[in-house]
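Thanks for coming. I will go through one structure today, starting with a helix contact and then moving to the strands. Please have a look at the display.

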Amino acid sequence: MKTRFAFGLSAALLFAGVAHAQTAGQDQPSGDLVPPTSASDFTSGQLDSVLAGSWRSAHNKARDVYRHPKATLQFLGLQPDKTVIEITPGGGWYTEILAPLLRDNGHYIAAVSGGNGGEDKQDADALRAKFKADPAQYGKASVVIYNPKAPVFGPPGSADMVLTFRNVHNWTMAGNAEAMFKAFYTVLKTGGTLGVVDHRAAPGATLESSKGSGYLPTDYVIKLATDAGFKLDGQSEINANPKDTKNYPKGVWTLPPTLTLGDKDRDKYLAIGESDRMTLRFVKAGVNKAPATPAPTGTASH
């Protein structure tokens, strides 16, 4: 009796093992097994939820196809428990994504210039009004005003990440780009990340020939960062646009969303879409905190 019971138990266990192995084979990729939920998976799910959020305007959502926010933020290594400073967020396009994502476990800080009179004050007031009107999404977000001639974004070593989107060309034309990058370095923790997206000049273009157009040579932006002490940690083609010929009557502002020429050749410029952009990731000298799973379109530079 014991022998028959032992044989039956062994057979049952063997069958269960085979069934488990078959199930595991269906649920797991071939090769090394991976945890079912990683930090990057968690952030991916949160990003999907935030990008679909009802608080985002339809106008802003329509720009996702050009700005690739999910892939961009994954490549830059964003995590929801970090202190993130966005430099010059303008009307708050990325604010609508970053502040809700960081609300529960992190901290979103919008850094707005205090040096351009009414326009900068209008941006700061608009962001504060946005935060106050929807505390469920923006209740923990904050605004800091900085002096563009001597920028300070917070206590030294207080931020995990600094992000800026389509602003370096403005600082270059204003003559304060070097000071801005040095201030980024100061406010970041050792190992912290700087993410930069901006309009990319044609290969071989010089700074002098391109800066008035809103486009910048990639090597110039990289030098701004490395001169401030950063290490280039990755470049990505996430925000590339091969349709952008970069030779327009009113520079990059000829393209959407600005469409400076109004109705003149409007369909032509809408067909091109938004500008061709560099997407760069830097780290503050020290511990390398590059994302564990960069976006598949990224290429590492070390």
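Ala177, Glu178 and Phe181 in helix 10 meet Tyr220, Val221, Leu224 and Ala225 in helix 12. Contact here means heavy atoms within 4.5 Å. By class, this contact of helix 10 with helix 12 holds six nonpolar residues, no polar ones and one charged residue. In that scheme Ala, Val, Leu, Ile, Met, Phe, Trp, Tyr, Cys and Pro are nonpolar, Asp, Glu, Lys and Arg are charged, and the others, Gly among them, are polar.

Helix 10 covers residues 177–187 and helix 12 covers residues 218–227; their axes are 8 Å apart, at an angle of about 50°. The axes are lines fitted to C-alpha atoms, for helices over the stretch in contact, and the angles run from 0 to 180 degrees between N-to-C directions. Helix 10 and helix 12 are therefore oblique to each other. The cut-offs are under 35 degrees for roughly parallel, over 145 for roughly antiparallel, 65 to 115 for roughly perpendicular, and oblique for the rest.

Before going on, what kind of model is this? It is a predicted model, in which local features need pLDDT of at least 70 and side-chain atom pairs count only at pLDDT 80 or more, while totals for chains, interfaces and linings use all residues. Residues are numbered from 1 along each chain as its sequence is written, and side-chain values use heavy atoms, with hydrogens and water left out.

The mean pLDDT of the chain is 85, and 79% of its residues reach 70 or more. The pLDDT is the predictor's confidence in each residue, from 0 to 100. Over residues 1–37 the pLDDT is below 50, and beyond near neighbours in sequence this stretch has four contacts in the model. Residues 287–302 also have pLDDT below 50, with 41 contacts beyond near neighbours in sequence. Where pLDDT is low, the predicted coordinates should not be read in detail.

Now the overall picture. The chain has 13 helices and eight strands. Helices (H or I, at least four residues) and strands (E, at least two) are DSSP runs, numbered from the N terminus. Of the 302 residues, 44% count as buried. Buried means under 20% relative accessible area, exposed means over 50%, and partly exposed is in between, with a 1.4 Å probe and protein chains only.

On to the strands. Strand 5, residues 188–199, has 10 of its 12 residues buried. What does strand 5 pair with? Strand 4, residues 159–165, pairs with strand 5 in the parallel sense over six bridges, and Thr164 stands opposite Val196 in strand 5. Two strands count as paired if DSSP finds at least two bridges between them. Strand 5 is also joined to strand 7, residues 277–284, by seven bridges, and these two run antiparallel. In strand 7, Thr279 stands opposite Val197, and Phe282 stands opposite Leu194.

Phe282 is also the bridge partner of Leu232. That belongs to the pairing of strand 6, residues 230–236, with strand 7, which is antiparallel with six bridges.

Is strand 7 covered or open? Strand 7 is mostly covered, with eight of its eight residues buried. Arg277, Thr279, Arg281 and Val283 point one way, and Met278, Leu280, Phe282 and Lys284 point the other way. In a regular strand the side chains alternate between the two faces of the sheet.

At 7% relative accessibility, His199 counts as buried. Leaving aside neighbours within four places in sequence, His199 has contacts that include Arg166, His169, Tyr215, Asp276 and Arg277.

Arg166 lies in the loop between strand 4 and helix 9. Its relative accessibility is 19%, so Arg166 counts as buried. The phi of Arg166 is near 60°, a positive value in a residue other than glycine.

Asp265, in the loop between strand 6 and helix 13, has a phi near 55°, again a positive value in a residue other than glycine. Asp265 counts as partly exposed, at 38% relative accessibility. Pro257 is found in the loop between strand 6 and helix 13, and the peptide bond from Pro256 to Pro257 is cis, with omega near 10°.

Last, helix 6, residues 95–102: eight of its eight residues are buried, so helix 6 is largely enclosed by the rest of the structure. That is what I have; questions are welcome.
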